[in-house]
Amino acid sequence: MATKASRSAARLMMAPAVILLLGWMLVPLTMTLWFSFRTYLPLRGGDQGWTGFDNYVRFVTSSSFWPAVTTTLVIVAGVLAITIVFGVLLAILLDQPMWGQGIVRILVIAPFFVMPTVSALVWKNIFMDPTNGLFAHLWRFFGADPVSWLSDAATPSIILIVSWQWLPFATLILLTAIQSLDSEQLEAAEMDGASPLARFFHITLPHLSRAITIVLLIQTIFLLAIFAEIFVTTGGAFGTRTLSYLIFQRVLESQNIGLGSAGGVYAIILANIVAIFLMRIVGKNLDT
């Protein structure tokens with residue numbers, strides 16, 4: 001049993017890490033809040049004083065704000081749907097005994113370790129280029145005109161690129177969960193005459209519910225801040241400007257730190273709303 005002295009010693013040893021973590025989180029947040037209430041133009045005179053909530057009003061009433069929020073949510077929802085559905089299917093497939101199973105698993109997981117910028121460049125230049133891309137040659141082979149993916153189907157293309165990168169993460173988590181499933185349950189259901197689909201929907205899928213909610217939560221947190229893939233491929237054009245990219249434009253392209261900081265606060269609010277909603281889902285699944 002821990003004594004009072006041992007608990008105090010544990011808190012003392014944890015204090016430097018906790019202080020560093022709080023500083024790492026609170027200092028940028030405090031600076032963002034501070035600048036969001038001021039007019040700060042680095043190339044046009046610097047700090048021009050207190051403006052109150054003017055930056056917040058300008059940002060939210062901008063014609064680009066709600067389309068950016070909608071695009072962000074569409075991309076997040078699309079990527080989550082693809083990664084969870086195909087992640088479950090891949091996890092079931094990789095759980096089956098096969099020749100070279102270890103190598104296949106490594107190849108499936110490998111895209112997750114590719115940097116987002118590199119991944120976007122590969123898809124943009126090797127696959128989606130309307131002239132020399134792999135998809136263009138494939139379309140011509142079947143007698144069809146090549147598609148300019150990053151202009152004619154920009155949002156689905158972004159969803160595809162990001163899904164390719166996050167699918168290995170979902171597969172890894174779900175594969176680990178499947179491997180913890182008691183095989184005796186499946187064998188008993190098979191002996192009772194249950195079909196493969198019945199075994200999947202009544203045994204495998206309920207067993208994966210916790211893993212799916214964890215994947216949903218972690219991916220959503222990261223996907224709300226998607227930026228590199230859009231910057232490299234479309235530059236925010238063709239309806240692919242997300243909230244994070246809009247903030248980038250306000251800060252770096254317009255050189256308006258105050259307006260961009262107000263957008264950052266809105267992004268924090270959106271992320272917390274989504275996180276609270278998902279945490280409720282995760283909590284319900286963990287309690288069952």
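Which residues lie nearest the centre of the largest pocket? Of the 16 residues that line this pocket, Ala225, Gly264, Ala267, Ile268 and Ala271 hold that position. The structure is a predicted model, in which local features need pLDDT of at least 70 and side-chain atom pairs count only at pLDDT 80 or more, whereas totals for chains, interfaces and linings use all residues. Residues are numbered from 1 along each chain as its sequence is written, and side-chain values use heavy atoms, with hydrogens and water left out.

Confidence is given as pLDDT (the predictor's confidence in each residue, from 0 to 100). The chain averages a pLDDT of 84, and 96% of the residues score at least 70. The highest mean, 92, belongs to helix 3 (residues 65-94), and the lowest, 75, to strand 2 (residues 46-50). Helices (H or I, at least four residues) and strands (E, at least two) are DSSP runs, numbered from the N terminus.

A pocket is an open set of points on a 1 Å grid over the protein atoms alone, where a 1.4 Å probe fits, with protein on both sides within 12 Å along at least five of seven lines; lining residues have an atom within 4 Å of a point. The volume of the largest pocket is about 470 Å³, taken as the space filled by probe spheres set on the points, which are joined across faces, edges and corners. Its lining draws at least two residues from each of helix 1 (4-36), helix 13 (243-253) and helix 14 (257-287). Helix 14 supplies the largest share, seven residues. The lining of the largest pocket consists of 11 nonpolar residues, five polar and no charged (nonpolar: Ala, Val, Leu, Ile, Met, Phe, Trp, Tyr, Cys and Pro; charged: Asp, Glu, Lys and Arg; polar: the others, Gly among them).

The second largest pocket holds about 360 Å³ of space. It is lined by 15 residues, and Ile92, Gln96, Leu181, Leu186 and Thr204 are the closest to its centre. Two or more lining residues come from each of helix 8 (154-179), helix 9 (183-191) and helix 10 (196-207). Helix 10 gives the most, with five residues. In this lining seven residues are nonpolar, four polar and four charged.

Aromatic rings of Phe, Tyr and Trp (its six-membered ring) pair if their centres lie within 6.5 Å; planes under 30 degrees apart count as stacked, over 60 as edge-to-face and the rest as tilted. The count under this rule is 28 aromatic pairs. One of them is the tilted pair of tryptophan 166 and phenylalanine 222, at 5.6 Å centre to centre with 40° between the planes. This pair links helix 8, which holds tryptophan 166, to helix 11, which holds phenylalanine 222, across 56 residues of the chain. Tryptophan 166 is buried (under 20% relative accessible area; exposed is over 50%, partly exposed in between, with a 1.4 Å probe and protein chains only), because its relative accessible area is 12%. Phenylalanine 227 and phenylalanine 248 have ring centres 5.0 Å apart and planes at 65°, so this pair is edge-to-face. Phenylalanine 227 lies in the loop between helix 11 and helix 12 (228-233), and phenylalanine 248 in helix 13, so parts 21 residues apart in sequence are tied together. Phenylalanine 227 is partly exposed at 25%, while phenylalanine 248, at 17%, is buried.
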